[in-house]
Each structure stands twice: as C-alpha cells, then as structure tokens.
Amino acid sequence: MKNFLIILFVLFHIASYAVANPVNGITVMIFGDSLSTGYGMPAEVGWVNLLKQRMQALSPHYQVINVSISGETTLGGRNRIEQALKTHQPDIVIIELGGNDGLRGASIQSIHDNLGVIIQVCQRNNVTPLLAGMQLPPNYGIAYTQKFRNIYPQLAEHYQLKLIPFLLDGFGDKREFFQADGIHPDVAAQKLITENVWEVLYPMLESNYSSVQKKIQFEPAFDN
C-alpha cells in the first residue's frame, strides 16, 4: 500500500509539472498585415493556418496566434506591439510588416526606425523576433526598391535576428500566384509562403524543444 501511494504521488507530481511546463510548448505570434490575414480567401487556407497545422502536428502544445491587421503599417505595428505582447505573451513573434509602407512610398528611414522599435520592444520583453523580409515591384524605381529590400537584412544583422529573406520567395515575380489585384497571393501561393517561413522557424522550434527536454531531464520529479 505504501509503495502504491508513493507511485501515485510521483505520477501526480509529474502530471502537475507537465501541465505547468508543457513539453516543447511554444507560442508563435504573427504580427503582420494583409499578407498574413488571408486577404481575399477563407482564413483556414491562409499560410498562418497552414503553419499552425504543421506546428501542431509536431506537438499539440505549439500555438499560433495571429494578430495581423489588413492595411497595417510599421507605425501601426510600433504603436500596438507592447499591448500585443502583454495580452498574448508569445515566445516568438514573426514580424511581417513594411509592405504597405513601401507601396505608399514612405521614407526608408521611417520604415527602418519603426521596425527597429518593434524589434527592441520584443527583445526587451524577452520575446524572440523573427523578421520576414519584403520586396517591392520594380516600377517603384531601382534606388528605392533596393534600399527598401536592404532594410530587412540590415536590421537582422544589427539586432542579431533570424531572417526570412523574402516572404514571397519563389513566386513573387509570377503573376499566376496572385489574386486579381496583383498584390495579394492566391490560395496556391499560401503553401509556398508556409515553406519559406518553416525553413527558418523550424530550427528555432527544434532549439526550444532541446532546451526544454534538457530541463525536464535534470529536473527532479519531486522534492526530497
């Protein structure tokens, strides 16, 4: 009877630990614009939902929270990042902003500075930012489009971030992967975006899994 009670106590403690510390649990917050809201299509076929499905296939403890807003600018993101972090308490934030600024011809410096503040707020709150690079159509001029494109690797290098080089890599110059407006990717493109994100995000999830597993391995099951 005594051995049974000991075993029961240990199992209860382990279960309690698992609830409080889910194995390889992590929350990813998507902080973007219409490219991340599934504009022009049902939300379930958008890349954010596809990413969520892929993550939860690895672990039911993985979560994806999408706080993206269609039409969002870097200034809008700068103004709401603090509250978004406080509300959702993510581990990783995928920052997908800047496209609307670029399409409106906003100054390169303002885009750079706003994204920089968003990154700093994440890091100050012990949240890992993952920056999604963007590019503009060539009709915006060589000088402007090149400076815009360079914002993302410059920020990634300065703040030592992981970078998705170009969210629309592999199809950004192919009209058949876009909706009628020529700006928003279609349903077929959502899988390609998911792959671009996954290539960078997955090693980050693996790293998190390893650190949590190591912690559990050396954590005592119960106090002496």
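1. Ile30 has Ile94 as its bridge partner in strand 3, and strand 1 and strand 3, which run parallel, are joined by five bridges. Helices (H or I, at least four residues) and strands (E, at least two) are taken here as DSSP runs numbered from the N terminus, and two strands pair if DSSP finds at least two bridges between them.

2. The model is predicted, with local features requiring pLDDT of at least 70 and side-chain atom pairs counting only at pLDDT 80 or more, while totals for chains, interfaces and linings use all residues. Residues are numbered from 1 along each chain as its sequence is written, and side-chain values use heavy atoms, with hydrogens and water left out.

3. The protein contains eight helices and five strands, arranged along the sequence as α-β-α-α-β-α-β-α-α-β-α-β-α. The five strands form an open sheet with parallel pairing, in the order 2-1-3-4-5. Strand 2 (62-66) and strand 5 (162-164) stand at the edges with a single partner strand each, so one side of each is left without a neighbour in the sheet. Direction ignored, neighbouring strands of this sheet are turned by 20° against each other on average.

4. Strand 3 (residues 92-96) also runs parallel to strand 4 (residues 128-132), to which four bridges join it; in strand 4, Pro129 is the bridge partner of Val93. Helix 3 (residues 47-58) packs on the sheet, touching strand 1 (26-32), strand 2 and strand 3, and its direction makes about 165° with that of strand 2. Helix 6 (residues 108-124) lies across strand 1, strand 3 and strand 4, and runs at about 175° to strand 3. For these angles, axes are lines fitted to C-alpha atoms, for helices over the stretch in contact, and the angles run from 0 to 180 degrees between N-to-C directions.

5. Why is strand 3 described as largely enclosed by the rest of the structure? Five of the five residues of strand 3 are buried, so the strand is largely enclosed, where buried means under 20% relative accessible area (1.4 Å probe, protein chains only). Both faces are covered, with Ile92, Ile94 and Glu96 buried on one side and Val93 and Ile95 buried on the other.

6. Ile92, in strand 3, has a relative accessible area of 3%. Leaving aside residues up to four places away in sequence, Ile92 touches Ile26, Thr27, Val28, Met29, Val127, Thr128, Leu130, Leu201 and Met204, a contact being heavy atoms within 4.5 Å. The C-alpha atoms of Ile92 and Met204 are separated by 9.0 Å, although the two residues are 112 residues apart along the chain.

7. For the protein as a whole, 43% of the 224 residues count as buried. Among contacts with a separation of 6 or more, residues 24 or more positions apart account for 78%.

8. The largest pocket holds about 620 Å³ of space. Of the 25 residues that line it, Gln135, Leu136, Pro137, Leu168 and Gly172 are the closest to its centre. On a 1 Å grid over the protein atoms alone, a pocket is an open set of points where a 1.4 Å probe fits, with protein on both sides within 12 Å along at least five of seven lines, and lining residues have an atom within 4 Å of a point; the volume is the space filled by probe spheres set on the points, which are joined across faces, edges and corners.

Terms used. Buried < 20%, exposed > 50% of the residue type's maximum accessible area, 1.4 Å probe, protein only.
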